[in-house]
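Please look over the model shown here with its helix packing and its open spaces in mind. A short report on these topics comes after it.

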Amino acid sequence: MIDNYVLIRAVRMFIQVLKILVIARIFLSLIIRDLRNPLLNSIYRITEPILYPFRVLISKLGVSTGMFDFSPLLAFLALDIVGTFIIRLLI
């Protein structure tokens with residue numbers, strides 16, 4: 001029982017960290033334009049595998065979003081769904 005609680009907390013914490021990194025990427029990309037910046041580069045390397053599939057999906061659907069990138073919104077939704085699914089499996 002206590003092991004499941006620890007795993008559930010770890011999954012929730014991991015999902016929250018990923019969300020915070022995506023949010024940090026959004027704001028840092030507005031401030032820092034140089035991808036050689038170590039902080040921005042590290043955040044991009046962590047978050048790109050999460051956001052890229054959603055960018056491809058939006059592109060394949062032919063949805064024109066203009067200058068707005070909606071992939072973080074889809075990533076948040078997917079992270080919530082996956083996190084909930086994993087937690088339900090642990091309960």
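## Basis of the model

This is a predicted model, in which local features need pLDDT of at least 70 and side-chain atom pairs count only at pLDDT 80 or more, while totals for chains, interfaces and linings use all residues. Residues are numbered from 1 along each chain as its sequence is written, and side-chain values use heavy atoms, with hydrogens and water left out.

## Packing of α2 and α3

The axes (lines fitted to C-alpha atoms over the stretch in contact, with angles from 0 to 180 degrees between N-to-C directions) of helix α2, residues 38-60, and helix α3, residues 71-90, come within 8 Å and cross at roughly 115°. On the α2 side the contact (heavy atoms within 4.5 Å) is made by I50, L51, F54, R55 and I58, and on the α3 side by S71, P72, L74, A75 and A78.

S71 has its place in helix α3, and S71 counts as buried because its relative accessibility is 0%, where buried means under 20% relative accessible area with a 1.4 Å probe and protein chains only. Neighbours within four places in sequence aside, S71 is in contact with L51, F54, R55 and I58.

## The largest pocket

The volume of the largest pocket is about 260 Å³; a pocket is an open set of points on a 1 Å grid where a 1.4 Å probe fits, with protein on both sides within 12 Å along at least five of seven lines, and lining residues have an atom within 4 Å of a point. Among the lining residues are L51, R55 and P72, and α1 gives the most to this lining, with 5 residues.

Technical notes:
Helices (H or I, at least four residues) and strands (E, at least two) are DSSP runs, numbered from the N terminus. Grid points are joined across faces, edges and corners, and a volume is the space filled by probe spheres set on the points. Buried means under 20% relative accessible area, exposed over 50%, partly exposed in between (1.4 Å probe, protein chains only).
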